[in-house]
Every structure is written in structure tokens, then in C-alpha cells.
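This briefing reviews selected features of one protein model.

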Amino acid sequence: MNAILRGRSSGFLDDSAFRRFSGFGLRQFEVSLLESRYGEAFRTELVSREASSLRRIELALALGTADTFQLIRRIADGEPRQLLDVLFARADIHNLRLLLRTFSVPRSGQREAPLWMQYGLVSEEVCRDLWKSDDQVELEERCRGLGTPLTDALGDAVRELLRHRTLVQAERRLLRGILAFLLQRVEAYPSRNGELVAGYLGRLVDLWNTGIWLRAVTSGEELTEERFLPGGESLPPERLRRFDDVQSLIAGTAWNKVRTDDNPPAPVFQRRMQVAFWRWQITCFRGDPLGIDVLIGFVARQLVEWQNLSTIAVGIVMGHTEEQIRALLVPVGRNPGNA
């Protein structure tokens, strides 16, 4: 599998391509993507029937990414196949959160179905079926009927919402449920690969908890441990509770290279943390050539490419300048296949 991923990595776009696209008009950008590896996705009926260029681009990027990840699912087996579900859980987190947030307010009229991320354990078909629920009660019933760990987590979160009417608490319940499932999966593989994916999951929890910490510090709320998710790579709840400034919080941790000397506002600091997380994952591609390092780096590179191209498309439509768009891109460095 790693040999195939290394071969396919030569198709990734590098920073110079993203910078060039930032100066394009929307039609020129779309034509460039049509001539890229996303061209096949553009030619599908689902994409070609769309009248909006932005919508066509968004659909083609989503389908192209899903196709790449489905290929990985087909060729992965054994331990990497099981750990892959942890890396792909980003899609489940996105989709289930979207369902919870949508149903947290009363339904008014027909809802337009969102663009589901199509590479998680909870399939697009299941998401579409859950979306058809009339209200929170029906959504919970449909989740219970499916009986999978992740849909059970959503069912528990909806129950929390029905009891307390607080989306923040319900989201925390959802993330705790998803996290419990992912930790169980990782702990079944006490190998080097399992340890590396556990480190990935720990950093993801650090990011979630940092977001909770920033909101609490900014609003002057009390920092209690129960607000945070358990675990974390180097920012456990007890540390988050102890500090109220970003410099002290990350000093001596895995995040200590994130820039804080300019006292960044909360959104800027959070973005820097996210970029550092992406960079760590991308760097894994050059780790053990036989380990899951390659898979972590490849998946991250594909997701960052999707994010950067979406940022460029939206930026063009919004009328942002080339410099404004470039400032929002996640740097990826050189193409790993050409290095």
C-alpha cells in the first residue's frame, strides 16, 4: 500500500500551484482543475448538471477526494485498515456534528441537503436518511435503530439536547462518544503504528480542548476540568485549567513552536495550532517507509489540498485579493513525489 501511495503522491499540488491559482478568475481556475486529476470528477453527471461554477468546483473536489480515499480503503488490510478508520473519522465528526447542529433548532420548511463528506464509517446514504427526520425525537430513534457506535454517539447527543436544550453540552456528549470509540480502536493495536495514531488522536483532542479553553478564557468563564474532553497529547485538562495565557499554556509541550510572541487574538492562535497539526501530519509522510506514517501524511496532504482549493474558489467568488486568499492557505511545501 505504501508504495502505491508514494507513487500517487506525485499528483499532489504544491505551494507554487496554490499561489498561482490565487490570482486566477473563477472560470480560469475551473478550467485548470478540469485539466488536473479532478477532471474525471468534473465529468460526472452529478457535477456537470450544476449551473454554478462554485458548486461544480466544490462537488468535484469532494468527489475527487472521496475517490482517492475509497481507493485507500480497497488496498488497505490488517492493522492499517483498522487504524485508517481513526484517520477518516474527520468525515464522521463533520457529518454528525452537522446533523446535531441542524436539528438543534426547530425545522422550518424544506431543508437543503448539505454536501456530506463521503469517506467516513457512517455512509452518505445513512447521513441522508438521518437528514430526513422530522425532529429531534425521530432523529434519535433513527440513530438507535442503526445500532453502530458512531450513530449511538449521535443518539446520545440528541438525547442530551432533548433533556437540557443546550447545544454545547450535546456537542460535548457527541465528541466524547466518538472519542471513546476511536480510543478503543487504537488501544487494540499496541504497536508502533498504534502509538503513532494514538499521538494523532491526542493532538486532535488538544485542538478541540484548546478551542474550549480559548472561549472560556476570552469570556472570563471558570476553567473547570469537566468542560474539557479527556486525554490529549500534551494539553491535558489539568494543564488547561491551570493557565490562562497562550504562552504559558504551550510552553514545553508538543505545540511550543506555535508562534505566540505577538499575543495573537484567539482565532489567529487557533488557526496557527491547526496549521501546526497539519504540518505534523504531512511531515509523517517522510517517516518510516513501511509504517503508517506514510498513510497519515498522504491523507493529510489530500485533505489540505481540498481545503486550499476550496479556500481559493470561495475567495475568488467573495472578491478577495490574491494576497488575502494566500494568507488563508495552509502551506504544504514541495510535492513529496518530486522531492
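**Pockets, a helix and a buried serine**

The second largest pocket has a volume of about 300 Å³. The model is a predicted one. In the largest pocket, the space amounts to about 1200 Å³. Helix α15 contributes to the linings of the largest pocket and of the second largest pocket.

**Second largest pocket**

- The lining consists of Arg-203, Ala-254, Trp-255, Lys-257, Val-258, Arg-259, Arg-272, Val-275, Ala-276, Phe-277, Arg-279 and Trp-280.
- Helix α15 provides the largest share of this lining, with 6 residues.
- Sorted by class, the lining of the second largest pocket comprises 7 nonpolar and 5 charged residues, and no polar ones.

**Largest pocket**

- A total of 34 residues line the largest pocket, and those nearest its centre are Ile-93, His-94, Arg-97, Trp-208 and Gln-274.
- At least two lining residues come from each of α6 (53–75), α7, α11 (167–187), α12, α15 and α16.
- Helix α12 gives the most to this lining, namely 7 residues.
- The lining of the largest pocket divides into 18 nonpolar, 10 charged and 6 polar residues.

**Helix α15**

- Helix α15 covers residues 266–284, and its 19 residues should span 27 Å at 1.5 Å a residue; the end C-alpha atoms lie 28 Å apart, which agrees with that expectation.
- The buried residues of this helix are Phe-269, Met-273, Val-275, Phe-277, Trp-278, Gln-281, Ile-282 and Cys-284.
- An α-helix has 3.6 residues a turn, so residues three or four places apart point the same way.
- The partners against which the buried residues of α15 pack are α7 (78–102), α12 (192–219), α14 (246–250) and α16 (293–318).
- Val-275 and Phe-277 are buried in α15, and Val-275 and Phe-277 also belong to the lining of the second largest pocket.

**Ser-133**

- Ser-133 lies in the loop that runs between α8 (124–131) and α9 (136–146).
- Ser-133 counts as buried because its relative accessibility is 0%, the cut-off for buried being under 20%.
- The Ser-133 side chain reaches the backbone oxygen of Leu-130 at a distance of 2.8 Å.
- When residues up to four places away in sequence are not counted, Ser-133 touches Phe-103, Arg-107, Arg-111, Glu-138, Leu-139 and Arg-142.

How values were computed:
Residues numbered from 1 in each chain as written. Predicted model: local features only at pLDDT ≥ 70, side-chain atom pairs only at ≥ 80, totals over all residues. Heavy atoms only, no water. Helix = DSSP H or I, 4+ residues; strand = E, 2+ residues; numbered from the N terminus. Expected span 1.5 Å × (residues − 1). Buried < 20%, exposed > 50% of the residue type's maximum accessible area, 1.4 Å probe, protein only. Contact = heavy atoms within 4.5 Å. 1 Å grid on protein atoms, 1.4 Å probe; cavity = no way out; pocket = protein on both sides within 12 Å on 5 of 7 lines; lining within 4 Å. Points joined across faces, edges and corners; volume = space filled by probe spheres on them. Nonpolar A, V, L, I, M, F, W, Y, C, P; charged D, E, K, R; others polar. Polar contact = N/O pair within 3.5 Å; in protein donor to acceptor, adjacent residues only side chain to side chain.
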